[in-house]
Amino acid sequence: MRRMRGKVSVLFLMVFPLVLGASVGIFKWMEGRKGSSVAVGTAIPGRKVASASKPAAARAESDEDAEAQKLAAARRQEIEKNLVSFGPADSAKTCGSFEYFGKGESHPSPGHADWDQIMKAFRSAKADLGKFLIRHRWNMTDATREALEVRVRELRIQRPPTLEEPDLAWRGIGTLTRDQEGKPLVRLGAGFPKLFKERPARARFELARLVAQVWSPCELAAAKVESPWNPLLQCLKLGSALGCGAGQYSEAAWAVSTVVARQVASPGCEIPAFQGEANVAALGCANSIPFPLNARRADPSPAVAALQTPGGAL
Amino acid sequence: MTRKLVGIVSLFVLAGCTSLQNPSSMEALKAVEAVSSPFVEAFVEFAGPDARWAGPASLVVRVDTRQSAVAHVTSQPAVRAMAHPPADGTTAGRGLASEPGMPTPKARALFSELATQMQADAQSFSGCLYPVRVRLIRQDGSVLEKHGCRSHQGWPQAVSKAVSTFLAS
């Protein structure tokens with residue numbers, strides 16, 4: 001009997017830590033799932049893959065999820081309907097500061113369909129800036145063009161709400177920021193999805209401007225990339241307003257990003273800096289951006305270019 | 001053996017006392033005494049660009065803990081009032097004196113936390129698109145002010161969190 005008790009005790013001592021360890025592991029895994037609601041880039045959190053052989057319990061859970069998603073979508077719609085805007089009316093010909101304020105911490109994350117639309121627009125803005133570079137490939141050096149291309153390619157977008165900048169939950173703006181690794185990242189305010197629905201042209205312009213901000217003169221100067229924007233800034237009389245010094249705000253960065261975004265995605269209104277008789281010259285600069293290399297060469301195909309090189313047939 | 005141990009411990013204690021006599025340590029202590037007056041008011045500005053670029057509007061948040069037991073939070077534009085309009089249709093939003101808000105001691109503790117982060121982080125900014133300006137005012141009238149950039153890690157993110165907490169209170 002005593003031996004039996006001893007064996008049971010030893011067995012208990014061996015099994016108990018295993019059970020405890022497994023319980024802690026399961027708990028941590030579940031916590032991890034709960035905490036992974038903020039997605040960066042193209043990933044869509046919470047999307048479940050349907051399985052043909054799922055058990056009844058899982059199906060019931062899925063039905064509950066669908067119901068919960070419907071309720072969440074209804075709540076989102078109700079909240080978005082009541083969001084208040086700040087800025088000029090829709091009919092205004094002049095663009096102004098415009099945003100729909102968010103509801104703070106209680107503001108729900110955008111639905112999958114809405115976020116898909118924003119992601120498409122973000123990718124489209126990146127593609128448009130890529131085309132802009134192709135269009136102007138003879139106006140800048142190869143090194144500069146490649147640097148600009150890489151910057152756009154590396155840029156990612158974060159789905160709201162963001163834990164790092166929670167004040168954006170009260171705003172409807174987007175900001176260009178950096179992640180923990182120092183890589184460029186666009187963060188959006190909670191009210192931005194409503195802007196995208198109500199004023200799609202303006203929202204697309206804002207996304208394009210956010211993407212173009214990775215080309216700001218100070219960013220390029222910090223990376224020791226030859227800036228293609230000096231003639232444009234001189235044309236806009238902002239040559240001395242680079243604002244790349246310590247503690248300075250960069251007016252030039254807003255000018256460059258606004259000019260580029262306006263070329264690839266019209267906001268549906270005119271930017272005040274290019275409006276009116278006083279700004280005719282500035283409008284000219286914005287419409288035909290002056291570049292450092294303005295000798296527009298013909299665009300030969302690679303085969304013809306090879307023949308045109310010294311020693312070639314032509 | 002015991003004597004050796006006592007000797008070594010005495011040496012460490014002596015070294016600690018001597019380091020306290022260093023001018024730098026004494027200055028640090030004096031600085032701590034000088035700033036012991038609590039922070040009672042905070043201004044935070046997320047500055048937008050010049051209006052001609054039609055960029056994001058500036059947001060200014062002011063938190064005052066001088067007058068009552070509850071922190072008085074105001075913002076320009078009135079983000080909280082617009083986010084949570086009262087049911088009766090009046091223009092006043094949350095943050096009225098009669099409503100529960102953030103208790104003054106908690107708000108001051110947040111100011112103090114923010115000040116610590118602002119002072120610890122010596123990162124300067126250059127060529128900023130989204131400037132952040134913070135001014136913390138102590139009860140004795142002295143001011144701690146710092147300018148930074150939203151895109152930087154460190155204290156600007158602490159400012160964002162504090163502002164969100166104040167607006168939610």
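In chain B, 5 strands make up an open sheet, ordered β3-β2-β1-β4-β5, with antiparallel pairing. (Strands pair if DSSP finds at least two bridges between them; helices, H or I of at least four residues, and strands, E of at least two, are DSSP runs numbered from the N terminus.) The edges belong to β3 (72-76) and β5 (143-149) of chain B, each with a single partner strand, so one side of each has no neighbour in the sheet. From one strand to the next, the twist averages 10°.

This is a predicted model, where local features need pLDDT of at least 70 and side-chain atom pairs count only at pLDDT 80 or more, while totals for chains, interfaces and linings use all residues. Residues are numbered from 1 along each chain as its sequence is written, and chains are lettered from A and ligands numbered from 1 in the order in which they are written.

Now look inside the sheet: β1 (residues 39-46) and β2 (residues 59-64) of chain B run antiparallel, joined by 6 bridges. Here B:E45 sits opposite B:V60 of β2(B). Helix α4 (residues 104-120) of chain B packs on the sheet, touching β1, β2, β4 (131-138) and β5 of chain B, and its direction makes about 60° with that of β1(B). (Contact means C-beta atoms, placed from the backbone, within 7 Å; axes are fitted to C-alpha atoms, for helices over the stretch in contact, and angles run from 0 to 180 degrees between N-to-C directions.)

Over in chain A, the axes of helices α3 (residues 112-135) and α4 (residues 142-154) come within 10 Å and cross at roughly 175°. That makes α3(A) roughly antiparallel to α4(A), a label for angles over 145 degrees.

Notes:
Two residues are in contact if their C-beta atoms, placed from the backbone, lie within 7 Å. Angles under 35 degrees count as roughly parallel, over 145 as roughly antiparallel, 65 to 115 as roughly perpendicular and the rest as oblique.
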